Structure formats: structure tokens, C-alpha cells
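Me: I am new to this structure and would like to understand the reasoning behind the labels used for its charged pairs. Could we go through them one at a time?

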Amino acid sequence: MTLLERPAVVAPVTRVVSPTVSVERPFEVALWVAEQAALLEPSDIHWVDGSTRERHELLQLLVANGTIEQLNPDLRPYSFLARSAESDVARLESRTFICTENESDAGPTNNWREPAAMRAELTEVFRGSMRGRTMYVVPFAMGPIGSPMARFGVQLTDSPYVVVSVGTMTRMGNPALEAIARGASWVPAVHSVGAPLAAGQADVAWPCNDTKYIVQFPESREIWSFGSAYGGNAILAKKAYALRIASVMARDEGWLAEHMLLVKVTPPSGKAYHFAAAFPSACGKTNMAMMTPSLPGWKVETIGDDIAWLWIGTDGRLRAINPEAGFFGVAPGTGMRTNPTAIDSLWGNTIFTNVARTDDGDVWWEGMTDEKPARLTDWRGEPWTPTSGRPAAHPNSRFTVSARQCPSIAEDWDDPEGVVIDAIIFGGRRASNVPLVVEARDWDHGVFMGATIASEQTAAAEGTIGELRRDPFAMLPFAGYNMADYFAHWLNFGRRLRRSARVPRVFQVNWFRKDADGSFLWPGFGENARVLEWMVGRLDGQLGAIDSPIGSLPNDGALNVDGLELDGAALTELFRVDPAAFAAEADDIETFFASFGDRLPPELSRQLALLRGRLAAS
Ligand code: SAT
Ligand code: MN
């Protein structure tokens, strides 16, 4: 049997452990569940209802299995620490596949596999993979149920840890199943840790498999994931659905599924603005989304920290929702100085993964406090002291917490109609070259900026940390189709916006530029509000800019640096546009663009030629 074929006889499932559900099980879902059960051979099936009681029972089960341990309830109420297997700590881009009939539809930036061959391979990989385990049927909604943008899915998984994670990150359970029963279309997603248990075989704390697959079939809108229980590899609603599959839906239906945070910024004037900002994984999206602005009278409120779905509303305006319901944030570097809002969000009801534990049963990670605790248990479960010479928390250790717990969450964060976007920001981690902030000349120039983002690799995925790579729109690992077509979709989208309403402004930022000694030039974090102030001033027409070959820079005095310990030389260096360095950058962009062959939209080659012309004239 292959994954698409129906089995002649649906194998009977031994037992259905399911809470009494008041909701009707949609026939189509029930049939699919039975078909998959015949392949996966779980010992039980549990339809997840999403109730608090169910979550509690799953957490108890996870404690009993040794997957998580409860933290000291006096210090961190109802919170838990998970330690993953050492081989299962980040997204695996090399094992992420896009399967389309034609290779060119996946494009040069994706790992392509021929769908029929991949189906045959997966059928063998998944056969019997849930033996000895319970299969959870996890209905979920991305976006507020009732929003025109809400989309649905059902994930099968044999990991209770993944179920509780999906419970925080999405709207999981009966309400989603009810929407499907009423006729909403849904994406099937199958996940197995790939560790079947023989009769009587003892389980391990973090079951997983050395062989891993994260497979998307964009044409049939399906997801298959095997071997990992970590983050984006396993919470399939997140990167696999809300970005890879949703980007394809968005292309076909005329909207955008983006790797972006969403914030509401209110200056002292009281008029609110909404920004969507794309940065690669682990480049500070959560910190920016929860920023405590250093400027008096300014307010930044959180709408989302990782994914945004944008569309043109019936009013013709660019609108956006955060399809998620929680935060899966990087722990290291999150502290009272850098992100007090995140620290406040994590007071309780939080699952931490791969952070260190203190002797009194609380958590710690690098950057949480300036002073390191004298003794810890590190993320591997080993004793640790500050002289151990290794990090106590894994660099990609995470917290999983509900958005509702975030003190800076905006009142309109889950408005079914979304929020109106005033500006789009692109950013990356660049030690050199890219200025603190630049404004695009127009939408098409903004698309060029997005298409040419480069960033230094972080610990969020496997690879050499610090290596510079092009990460267009911060979507390199997340676009579910040919990146060149994705660029064209952005260009077309701008054309539609121009016809109907005001086109949002586009900016590029770089908080990470370094001086000759390798120290950051810009203080970042709450001081980034100064950059937002300039952007708001640009939107209002109150603050000025000067033209440069790469776009508009703040003119003298337009960026408020009052009270900052920033000398003139540092400020100059933050905005220095070195024509020679940018000419080299243009050559690199040309090579990158050439990888797309004739599928590259001509407008992007034109933008590159314009940039070179401006550099030559400068
Ligand atoms: O592991 S996740 O993909 O969810 C996080 C990230 O890489 O942005
Ligand atoms: Mn992300």
C-alpha cells in the first residue's frame, strides 16, 4: 500500500481511548485516521479535544515517562523542563523536502524529491512506526476561528510532548474539529517520532530516530514528518503548514504567508501603527515583538513573534493576522535587560526545552541573568559550573508559552479581521556593510531588499554558525515553492496594492553591525524604538531622509540618539555605505539571482542594474 491508496480492509484499531466528545467526527477525517492507523499500527487512538483536563493528563503522562520534569511550583508554577535527545535539537534543513511533480516548481533553494518516489519511501519508513504507542489525532486552527484567514489541519502524532506543544502554539481541539465538520478544508499532517516499541520494551525519555524526514507535498497539501520531536520539525502547524504549505495556498489565493513578527507601535501622539518584520530564525524577532521601548511615552505591543499571514482586505488595505496562539522562543539571550516582557510571560504554565536547571528546581540559560549561578544541571542533565567551559543551556533551547500570558499582547492581537499594516521591515544579522536602517524607494525596491537579505547562520537549524547566507525574505527554509515565483508573487501583490489602496513603506534594518574590534555598534533591544520613531516619522512625513545608492537614510538629526552613549564615529559607521563593499555585494547578488535562471522576475535584474548604476554614480 502506498500513502495515497486506500487499504482494501481498514485494519481494526484495538482500542480507542478518547474522551467523550460532544463534537461530531467528520467522516473524511475519520476515514483518513483509519487509513493511517492501518499503516502506522498504533496500539491506541486518542482524539484530542483540547481541554485543560486533557492537557493536565498528558503532562502527567510525560512526567511519568521521564520526558519532562516539573519545576519547583513555588518558583515556576505549573511549568516543566524537557531534555531532548542530543541528536534532536534544531530544525533539520537538509532533511526537509518539497515534493512537486516538476523539480522546477520546488526551485533551486529547496530539496526536491519526486512525489511518487518519496511516497514509496515514506510508506516503508512509516509502516508500523507507531507500534506500541498511542496515536493522537490533533485537530487545529491557524488563525482565530471565524476569521476569513483561519485555516485548518489535523496532525497525527505519537508524541504527547508534541500534542501539548501544539496545544500552546495553535487553537487545538474540538472547536477546530467542529469547523472541519462544518465543511472547512483541512491539511493532513502525519508525524511519528519513529521509535516503535515491541511488546514489553521500555521506552526512553525522548524517543526519536536518527533518520529524519520533514516532507511537504504542496500540490496535494500534505505534510509527513518522521524521526524528530523538536520544534518546527514536529509542531507541523508551524513552519511546515503556516509557512511551507500556506505559502503555496497564498500564491494560489492571492495572499502572503510570511516569516514575520507583528507589532503595534503607539507614539506619544496616540495614533497607532502596525509593522510586520521578517528576520531569519534566532535573529531577535521575539525580542522585537516584545520590545520595551526606551523612548518615554512610546508603547510597543505584541501581535505575533514568528509568522504573519497578510492579505488585501475588503477595504483595500494590507491586513495581517498572527496565525499562531503561542510563542516558541529562543531562551538564551532572553533576560530582564534584553526582554523583560518575555521573562514576565514565563512566570508559569511554560514548557522549557533544553535549558539548564537550578538546584532549587528553576530554569536558567545564558543571558537570563548577568551573573551565572555557581552550580547548575545543564541541558544534557550533567552537573555544570561556570568553569565547565560549555554553555549550560543549548543555544537553540526554547520556551513554549501561550500568547495570552504575554503582558504586552495587543488588544487586537486575535482580531479575526487582522490589523492594518503600515510598514514592512526586512532584517538580518550582518556584522558589516548593511546600515542600521534604510528605506526602500518604492515597493519593487522593497521586494529587491527582501529578496537579497543575507544573514549569519544561527543555532536554529543545523549548519556552521556565523556563515553568511542569502536568506530571501527570511524564507529560505520555508518557501514551499520556487523562490523566483515567490519573488514574482510579491511584485504582483504590490501591483494589486497600488490599484486598491495605500502601499505600505518598506524598510531594511540591521541591529548587528560591528566595529573594527568586533563590538556591536548599536545597543539594540529597547533602543530599537529610535529606529521605529524614524519610520513613524517617515510614514507621517515628519522626519527627513537623504538619498543613498541603497535607499533613503535618516538625514542629519532625524534619528533620535539623545541620551545614547554613541559617539559620532560610531554613528557614522552605523550608516556608512561603502561603494566598493556594495559593488562586491551586488556581484554576490548577481550570482545568487543567476541560480534562478530565467524564472527570476526581470524586475529584480532591473533593480540590481539600478543599484549598480547608483553605486557607480556615487
Ligand atoms: O524550530 S522552529 O522552526 O519552530 C523555530 C525556528 O527555527 O524559527
Ligand atoms: Mn521562525
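This is a predicted model: local features need pLDDT of at least 70, side-chain atom pairs count only at pLDDT 80 or more; totals for chains, interfaces and linings use all residues.

Me: Why is the contact between Lys238 and Glu324 called a salt bridge?

Reply: The closest N and O atoms of Lys238 and Glu324 are 2.9 Å apart, and a salt bridge requires a side-chain nitrogen of Lys or Arg within 4 Å of a carboxyl oxygen of Asp or Glu, so the pair qualifies. The two residues lie in distant parts of the chain, 86 residues apart, with Lys238 in helix α8 and Glu324 in the loop between β18 and β19.

Me: How do you know whether Lys238 is buried or exposed?

Reply: Buried means under 20% relative accessible area, and because Lys238 has 3% relative accessibility, it counts as buried.

Me: What makes the pair Arg505 and Glu439 a salt bridge?

Reply: Their side chains meet at 2.7 Å, N to O, and since the cut-off is within 4 Å, the pair is called a salt bridge. This pair too links distant parts of the chain, with Arg505 in strand β31 and Glu439 in strand β28, 66 residues apart.

Note on methods:
Residues are numbered from 1 along each chain as its sequence is written. Chains are lettered from A and ligands numbered from 1 in the order in which they are written. Side-chain values use heavy atoms; hydrogens and water are left out. Helices (H or I, at least four residues) and strands (E, at least two) are DSSP runs, numbered from the N terminus. Buried means under 20% relative accessible area, exposed over 50%, partly exposed in between (1.4 Å probe, protein chains only).
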